[in-house]
Amino acid sequence: MESPSPSPSPSPSPATLDQILKSFPPLSPAQCSHPVRHGNTVTPLIDFGPTYTRLQHLAETSTKSIWVIVSFISKSFRFPNGQSVFEVLQTASKRGIDCRMLFWRNEKFFNQGQIFGTKSEFELFRTNYPGIKMRWDDSSDDPAHCHHEKSWLFDCGEPTEVVITGGITITGALNAPGHSDPGNQRHDVDVEVKGPAGSDHHHHFCQRWNHANLREQHQGSFPDLVVSNDLPYPNKLAPTESNEDSDACAVQVLRTMRPKFTMDSTPAPLAPSFDLSQGEESIYEAYKMAINNAKRWIYIENQHICDEEMMSLLARALERGVKVVFVAPSWKGIYFLIHFARNRTQSWVDGGRKGPKPRYSDVFLENLVELSKFKNFTLCSLASYRGNSTYSHIYVHSKLMIVDESFMMVGSANFVDISWRKDHTEVDYAIWGRSASRRMARELWKEHTLLDIENLDKGIEDIAKIASENEVRFFKGEPLVGILFRMPADAYGSSAAYLTVAQKASLYASYLGIKAHQWWSGK
């Protein structure tokens, strides 16, 4: 039996920034390295094409520095001007710009889309890219660990300082919003931030750069440790960007860091020191805070949905009448890992639950089942109609949460324990302010549903309704309204469950032209 959808709290009048901060309290100095900073402008950047167009412009117009923290990188990736990231930075270095790239090395990690600093790569750098300074972190041979942050910092310490961060990697194609082009489509989100919060990210970069743990080892720095010198920490904040309450955003830079990353407790400007020897999990704490304080609705986009505690908190929010829409992948990438994890859980159940309980089994046996019972919960994915009853999957890679159109989190952290609990290295921004949250929600929802939504409280209901209607269209092989379609939450990642639905449909579903039951069964 489905749980009833409780009556939501009435929609309040537009809140001031002070009221928003009271509704969603910033983390304390005991929880987070960086305090909340006022007077920032936050600009959404949706999908690869617009983001890399903006990054190219900033690289071409920078006056002091370009610093890049790399998670994954494809050697074939090109900017809109046709250059690789190395060519873009080498060109900037010839203008006297200080160009730096921070990589990581873990030859046991399942995804080898990285620059590990091999002998042949160093020879290539010396020949073609001598103006770029590089350092490497490692992951201590842990096959499950990576440094997952993706950030670009321009002109650090200058009044023109800008930071772009989020989920967008240096890989793939320059997909445009709407994803109308055929081929390998991927959806993602970044934000561009100007103001004092950028100085905290500047501080974070210095910490990671100065303490990159392979920097003193063979091929751990390029061209060498002396030239790729340590950086001084910032001693002042970037100027505020706006004094208008309707536009200014408060921002707190959040992190996930493993214990003993560094013993250096040099604080950010005007901030107390934070003991990083114990690690940091402020992203995790902020997600809990936001979900627990949600009153009307929560909108999430994330490539993962495998954290038992956070999914339980979503269930408690649903019980309060909060509407929740969660957009996740339905094919490729992390979906395959979720599919395999579900199969392991099912095998354990079929075997009488003998032996160790599989990791994430409660997600499939309890959490997704519980969420599926709420009428105010909608699990969705993205696909584009290609004609002839075929669809192209759009891989959801973004890491975003918007709550009550006034609080937003954007960054690199997935909705899973390894991104939150002192494991992977991650950076998220907690953002307070209606202007940024509303703009992000409206642009995303227009892309996903074609609706230009002004009233977001009604809009969250409208996009859930369209997603449900598109689910029916999908299995009839009909064109979708937009690209958002609903998935049954209790069957997420389950071959058997999707196979049953797809067999009844007897339709073609993927951009490869394979049958719907093959797409959903993971074949």
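These are my notebook entries on a predicted model of one protein chain.

**Ground rules**

I number residues from 1 along each chain as its sequence is written, and my side-chain values use heavy atoms, with hydrogens and water left out. Since the model is predicted, I ask for pLDDT of at least 70 for local features and 80 or more for side-chain atom pairs, while totals for chains, interfaces and linings use all residues.

**Entry 1: the whole chain**

I started with the overall count and found 14 helices and 19 strands in the protein chain. Helices (H or I, at least four residues) and strands (E, at least two) are DSSP runs, numbered from the N terminus. Of the 523 residues, 59% count as buried. For burial I use relative accessible area: buried is under 20%, exposed is over 50%, and partly exposed is in between, with a 1.4 Å probe and protein chains only. I also looked at contacts (heavy atoms within 4.5 Å). Among those in the chain with a separation of 6 or more, 79% join residues 24 or more positions apart.

**Entry 2: helix H5**

Next I looked up H5, residues 196-210. From its first C-alpha to its last, H5 reaches 22 Å, close to the 21 Å expected for 15 residues at 1.5 Å a residue. The expected span is 1.5 Å times one less than the number of residues. How many residues of H5 are buried? I found 15 of the 15, so H5 is largely enclosed by the rest of the structure.

**Entry 3: helix H7 and its neighbours**

H7 covers residues 308-319. Its end C-alpha atoms are 17 Å apart, which agrees with the 16 Å that its 12 residues should span. I list its buried residues as Met310, Met311, Leu313, Leu314, Ala315, Ala317 and Leu318. What covers them includes helices H6 (282-293), H9 and H10 (417-420), along with strands S12 (297-302), S13 (323-327) and S14 (377-387).

Axes here are lines fitted to C-alpha atoms, for helices over the stretch in contact, and angles run from 0 to 180 degrees between N-to-C directions. Angles under 35 degrees count as roughly parallel, over 145 as roughly antiparallel, 65 to 115 as roughly perpendicular and the rest as oblique.

H7 passes H9 in a left-handed crossing, where the near helix is turned anticlockwise from the far one by less than a right angle (clockwise would be right-handed). On the H7 side, the residues in contact include Glu308, Met311 and Arg316, and on the H9 side they include Asp362, Leu368 and Leu371. I sorted the residues of this contact into seven nonpolar, two polar and five charged. In this sorting, Ala, Val, Leu, Ile, Met, Phe, Trp, Tyr, Cys and Pro count as nonpolar, Asp, Glu, Lys and Arg as charged, and the others, Gly among them, as polar.

Then I turned to H6, which packs against H7 at an angle of about 15 degrees, with axes 9 Å apart. That makes H6 roughly parallel to H7. The crossing of H6 past H7 is left-handed. Tyr284, Tyr287, Lys288, Ile291 and Asn292 of H6 meet Glu309, Met310, Leu313, Leu314 and Ala317 of H7.

**Entry 4: H11 and H12**

H11 (residues 434-449) and H12 (residues 456-476) pack at an angle of about 25 degrees, with their axes 11 Å apart. They are therefore roughly parallel to each other, and their crossing is left-handed. Arg438, Ala441, Arg442, Trp445 and Thr449 in H11 meet Leu456, Gly459, Ile460, Ile463 and Ile466 in H12. By class, I have six nonpolar, two polar and two charged residues.

**Entry 5: some loop residues**

Asn229 sits in the loop between S9 (221-222) and S10 (249-257). Is Asn229 buried or partly exposed? It is partly exposed, at a relative accessible area of 30%. Leaving out residues up to four places away in sequence, Asn229 touches Arg100, Lys133, Arg135 and Trp209.

Pro223 is in the loop between S9 and S10, and the peptide bond from Phe222 to Pro223 is cis, with omega near -5 degrees. Asp155, between S5 (151-154) and S6 (162-166), has a positive phi near 55 degrees. Asp155 counts as buried at 5% relative accessibility. I noted these because most residues other than glycine have a negative phi, and most peptide bonds are trans.
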